[in-house]
Amino acid sequence: MMTRNTYPFIRFWICAMAFLLSSNCDTPPPGCPHCSDDLQLPSILPEEVPFRVLQVKWNALNGAPSIDDPSLLCEESFGEVLLNRHLRAGLCNWTQCKILLGPVIGSTTNFGLFDDPDLSVGEAGDVVVNNTALTPELEELAILCDNHWNAQPTGATGLAVRSFVNADGTDSPINGIAFANSGTRPFFAIGDLEFFPNALGDVHRNTERVLAHELGHVLGLCHANGDDGVACNSGFLDFNDFGNLMSGAGSSASSRTLEGEQCDIARTRYANLFFPLADMQNRIVSLLDEGGERFAAADKSVDLYKTMVFNRLSEAGALTVLIGTNGLFTERKNDYWVLLDLDNNVQTGLHGGRIIPGSDQQGVDLALQVEVGDSGKRSNTSLYKAEGSGFQPHSHPREWVRTGLFTSEMFVSSEKECTGTPVFQEIEINLSREALVRFSDTGQVDLSFANGLKLQTISVGTAANGEKVMDKSPERPQTIFLQ
C-alpha cells in the first residue's frame, strides 16, 4: 500500500512532515510496498530541536518495472514513483529524528535516467553487488548519479534498479545498499522490491523500510544489532533490538524505531548533506503534534493528526496553514477553526472561547473558520477579527483567504495493475499578506513574527451517533517562530 499526495509543489514538503494514516503495521500483502501506522511516529528528540531536511537526488535504471511503467504504482512518471517512494520512507521513519526527506529545489530538477551500463550479468536494470564494497558497476553508476546532480551540492544520490545480482548472475539477498564514503557524495541504491521479493521474508517487500534503512547508512549509522563492520561508517551502537530500523539480518517488516543516540549521529555525522537551515526555515516552519484523540471510523474527518504552518510571505505572499484530518469528509457538516495570536501576546486579542466553545487559547487576534459539507464537495471560509469584547466577521476579496480541500488515496499495486481508495483529506488555508495587514493590529504585529506566532486548530462536528465531537491540534496552543 502506498499513499500519494495530489497537491502542488509545497505539498511535497508538507508530505515529508505529515502523518497521514492510522493503521496497524502488520505484514504487507505480496507486491504491496508497505507504509502503515507510519505517520503516527512522534519525534524522539526535544521540542526545541529543529527539523533538518535531506534532499534525495534520485536516478533510475531502465529495466525496473516501476520505472518502465509508472502506472503499476498509480503514477504518471518515474519521477513521481521515486519522489513518493522516498517521502514514504521519511514518513514511516525519519520524522523520529526530525529529519525530513525533501524534494530537489532549484534549476536542476530532472531525475537521472540511465541505461544499464553492464548487460553481461543479469537482465537490464540488474546491478552486481557485494555487501562490503562498491563493485565496478556500482562505482560507475555512483559517478553517473553524482555528475547528473553536480549543480545540487547538498543531499544524497539514490538509484532505483530492477534488482541486485551476484557476480555469477544469481539473485543476491541484498535489496538495498548504501555507501557514505564512496568517492562521490553519499550514495544508495534500492531494488524494485514490490515486484521482486526474494526468499528472505516480508521485510524485503517493504520498500519504505529498506530505503529508510539505507538512508540511515548514508547518514553514518551502522547496523544496530551487533554486526559491527558491515555497512558501518561510524558510531556503532549495539541495541540488540530487531525492531530497530537499523537492524540487519533478522529484522522484521515492522523494524522502524530509532534511538536518540542514532538521531544524534544521523543529524551531525555528515551535516553538510542537509539543506541549509536558514533556507529551510523560509519554507518549513513548524510541525505541531495533536494529542491522543481517536474517533470511530465514521467520524475520522474530525480527528486531527497535525497542523503545519509555512511562511510563504516572501515567495508567495501568504501564510499557509495545513490542517490534516485522519479520515474522509462526510455528508455531515464539520467546522475547522484556526485561532491565531499573531504577536504572541495575551494582553492583545481575545480569549478563543468567545468564538469557539472549548478553546483555551488567550490573546487570539484572528480566527478562521472553514465549514466543510457534502462529503468535501463544499466549503465556506470566514474570517473573524478580535474587536472590543468580541470577534467580528469581516468580508474580504476571495484572493485574500484561499482554501483548498485535498484528498489522498491508498494504492495497492501488483505486476498487472494498481487500484486506489481515498483514505484521508486535508484542508489548506492561505492567508495573504494583505489580509494579515488589514485584519491585524500592525502596531503590535510584525509580519516577520519576531515574537512568535501562537496558534491552535480545532475541529467540531457531529458524530454518526448524533453526538457533538471535537479535536484540537496541538492539544495546547503552541508558539512557533517563523525566522
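A disulfide is a pair of cysteine sulfur atoms within 2.5 Å. By that cut-off, a search of the whole predicted model finds 1 disulfide.

**View 1. The C97–C263 disulfide.** The sulfur atoms of C97 and C263 are 2.0 Å apart. The torsion about their S-S bond is about -70 degrees, so the disulfide is left-handed. C97 sits in the loop between helix 3 and strand 3, and C263 in helix 6, so the pair ties together parts 166 residues apart in sequence. Both C97 and C263 are buried.

**View 2. The largest nonpolar core.** This core has 38 residues. W58, W94, I99, L101, F188 and L219 have the most contacts inside it. Two or more residues each come from strand 2 (52-61), helix 3 (78-92), strand 3 (99-102), strand 6 (156-161), strand 9 (187-191), helix 5 (207-218) and helix 6 (260-268). Helix 5 gives the most, with 5 residues.

**View 3. Surroundings of W94.** Neighbours within four places in sequence are left aside here. W94 is in contact with A89, I99, L101, A212, L215, G216, L219, L221, L245, L258 and A266. Among these partners, I99, L101 and L219 are also listed with W94 for the most contacts inside the largest core.

**View 4. A second core.** This core is separate and has 28 residues. I323, L342, L436 and F449 are among them. In soluble globular proteins, nonpolar side chains tend to be buried together.

**View 5. The cysteine C145.** C145 has a relative accessible area of 0%, so C145 is buried. The cut-off for buried is under 20%.

Conventions
Residues numbered from 1 in each chain as written. Predicted model: local features only at pLDDT ≥ 70, side-chain atom pairs only at ≥ 80, totals over all residues. Heavy atoms only, no water. Core = buried A, V, L, I, M, F, W, Y, C linked by side-chain atoms within 4.5 Å. Buried < 20%, exposed > 50% of the residue type's maximum accessible area, 1.4 Å probe, protein only. Helix = DSSP H or I, 4+ residues; strand = E, 2+ residues; numbered from the N terminus. Contact = heavy atoms within 4.5 Å.
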